[in-house]
Amino acid sequence: MKCPTVDELSQYVDDLVTGQESVHIDNHLKSCDVCKRVVEAFMGEQQFIKETLLTPTLPEDFASSVLEQLEPYEQKSASRKKTPWRRAMLSAAGILLAVGLSATFNPTFAQWIGGLFSTDQVDEGLRMATEAGFAKRVNQEVTDKGITFKVEDVVADSSRIAISYQVLNENGRIKNSYFDLADGKNEILAKDNRGKLLELSSTGWSSAKDYGFIELSIREQEDLENIIVKFDLNELNGKEGHWQLEIPIDLKESLKATKTVRLKDANTSQHGVDVHLKEVRFAPSSNELLYETSFTQEEQSRINEDIQNLENQYGKEIVNTFTNYGTAIAYHIENENMKVVSHHNSKGSSIDSGLLQGTGQPTGKMGEVKWNESFIPQKKDKKLSFVLDGIIKTEPADFSVTFKPNELKKNPASFEYEGNFVTIKEAKKKGKYSLRKSLLPVKKEDIFTIEMEGEQETLATELGAWVLVDDKGMPYLTYLSGATYDEKDENGRNKTSFTIRAYDVDEIPEELTLHLLSVTRYYEVKDKWKVPLY
């Protein structure tokens, strides 16, 4: 392959070439020292710009104030033509001016100034923590098999640790940042300063322009002043190797900036559910609300009796496998002007406004859950209040529908239940193929499958687990999957679809009955319960 032009190498460094062109140049650089030095010069210039821009933070009105002082001129169109010596000879002042004017419009330049956590590619809470000085530049890296794993920045407080990183090839080119944490090849651990492994509430991965982004939830941990995050990676960008990094993180400053408000006597009972607000924590990157929900004693007795009746009919295993009887709440948080700043589980809305993340930890007692939910912090509002909007209960159901599988094609079976309008479209055995370690690696199973479609009103009950019963009274455990779509019908209802599978049905009987075992209902709290969070 003949050498690429200088302009092509410049575009390669700026990530402006196609994927195929990038592969060709990658291969050429392995055997051409001249082109490799040109690329290194371009990359050195990029690094110089980044390092020059790390220290100063430009005011928000910088671009506009400079533009106001410039004489208007006629802009001429020009092709993108660069040479390394002309670019490298730009003065530091010239670079600062050019990038300062461009930072408003180009997110890549903005990243150079403050890293990933200063851009709109992360949530507002992380940006606020960065503005407050809780983002730390790390720049630790490890290289193996020609691939470099580089941790750039860390934002950490009492609620979470956010880490930005890049994956680079031997020429310094940014590669795909994805790595799989589920297959056991790659692992991220957190330890305290005594070396004890921490149980993380959650570990999340996402990608942004040029970056990978890891978020570790430490909301369940208390009194942590120092943490070590260890990366133990064995596959990156499709290559096997070994990349190990330990990132020490000091939480002492963020703990000083965290305020905890204990909520005394913040208890209420609504629609058979006890709600107990415990505390709220105001950390640099999030506001956390800790509370518990459980069935009242009277409601617990009623539900236990209903469950016992279901177990007598269908057996304990079937009744208790997928029913998940439990409690939750819907609420919003408002400021002192009664303006809603965030809401959670609001009926009629599929999106939680302002919610960053949330976890519910069952205590072992049916229906009792410890909740920890975090929201984007508010810059100006200091006097926030919690307002309870509704109660959510997953409870036993008493509903059934009978149908004849062989007649569904001509006469689909339809039913209506608490705002759900459903039609059973078909019920038959369907082949499912799976791989296995055997002389015959492909295995085929015939699974009895029921397909349903319908519509759901906004305040409809959510249908839960089902049991299938044949005409001889034999019950079968079923597996439910389904979806509710944004698309609405002429009545304003959301379209839905469900699939129910039963693995042990050998012969399809003339008649079958589906019994609903559990439903999730929403109960509105009419007299709103309000608790100050200050």
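Modeller: What follows takes a few of those terms in turn and sets each value against its cut-off.

Colleague: What kind of model is this, and how many helices and strands does the chain have?

Modeller: The model is predicted, and the secondary structure of its chain comes to 11 helices and 26 strands. Of the 534 residues, 44% count as buried, while the chain exposes about 29500 Å², with carbon and sulfur atoms supplying 47% of that area.

Colleague: Why is serine 294 called buried?

Modeller: Its relative accessible area is 15%, and the term applies under 20%, so serine 294 counts as buried. The residue lies in strand E12, and, once neighbours within four places in sequence are left aside, its contacts are Gly272, Val273, Asp274, Thr327, Gly367 and Glu368.

Colleague: What makes tyrosine 479 partly exposed?

Modeller: Tyrosine 479, found in strand E24, has a relative accessibility of 37%; buried means under 20% and exposed over 50%, so the value of 37% makes tyrosine 479 partly exposed. Together with Phe322 and Tyr503, Tyr479 forms a nonpolar patch on the surface, and the accessible area of these residues together is about 270 Å².

Colleague: How do you know that the buried residues of helix H10 line one face?

Modeller: The buried residues of H10 are Glu299, Gln300, Ile303, Ile307, Leu310, Glu311 and Tyr314. Seen down the axis of H10, these buried residues fall within an arc of 105°, so they line one face of the helix. An α-helix has 3.6 residues a turn, so residues three or four places apart point the same way. On the other side of H10, Gln297, Glu298, Glu305 and Asn312 are exposed.

Colleague: Which elements do the buried residues of H10 pack against, and how does the span of the helix compare with the expected one?

Modeller: The buried residues of H10 pack against several elements, among them strand E12, helix H11 and strand E26. H10 has 18 residues and reaches 26 Å from its first C-alpha to its last, close to the 26 Å expected at 1.5 Å a residue. Just after H10, glycine 315 takes a positive phi of about 95°.

Colleague: What makes glutamate 292 and lysine 278 a salt bridge?

Modeller: The closest N and O atoms of glutamate 292 and lysine 278 are 4.0 Å apart, and the cut-off is within 4 Å, so the pair is listed as a salt bridge. Glutamate 292 lies in strand E12 and lysine 278 in strand E11, so the pair ties together parts that are 14 residues apart in sequence. Glutamate 292 counts as partly exposed at 22% relative accessibility, and lysine 278 counts as partly exposed at 36%.

Colleague: Which lysines meet glutamate 426 in salt bridges?

Modeller: The side chain of glutamate 426 meets that of lysine 428 at 3.9 Å, N to O, and that of lysine 430 at 2.8 Å. Glutamate 426 itself is partly exposed, with a relative accessible area of 25%, whereas the value is 41% for lysine 428 and 28% for lysine 430.

Colleague: How many salt bridges are found in the whole structure, and which residues are linked in a network?

Modeller: A search of the whole structure finds 29 salt bridges, and a network of them links Glu299, Arg302, Asp306, Lys393, Glu395, Glu418 and Arg521.

Terms used
Residues are numbered from 1 along each chain as its sequence is written. This is a predicted model: local features need pLDDT of at least 70, side-chain atom pairs count only at pLDDT 80 or more; totals for chains, interfaces and linings use all residues. Side-chain values use heavy atoms; hydrogens and water are left out. Helices (H or I, at least four residues) and strands (E, at least two) are DSSP runs, numbered from the N terminus. Buried means under 20% relative accessible area, exposed over 50%, partly exposed in between (1.4 Å probe, protein chains only). Accessible areas come from the Shrake-Rupley method with a 1.4 Å probe; for residues, only the protein chains shown count as cover. Patches are made of residues with over 30% relative accessible area and no salt bridge: like charges are joined within 9 Å, nonpolar side chains (Val, Leu, Ile, Met, Phe, Trp, Tyr) within 5 Å. The expected span of a helix is 1.5 Å times one less than its number of residues. The arc is that of the directions from the helix axis to the C-beta atoms. Contact means heavy atoms within 4.5 Å.
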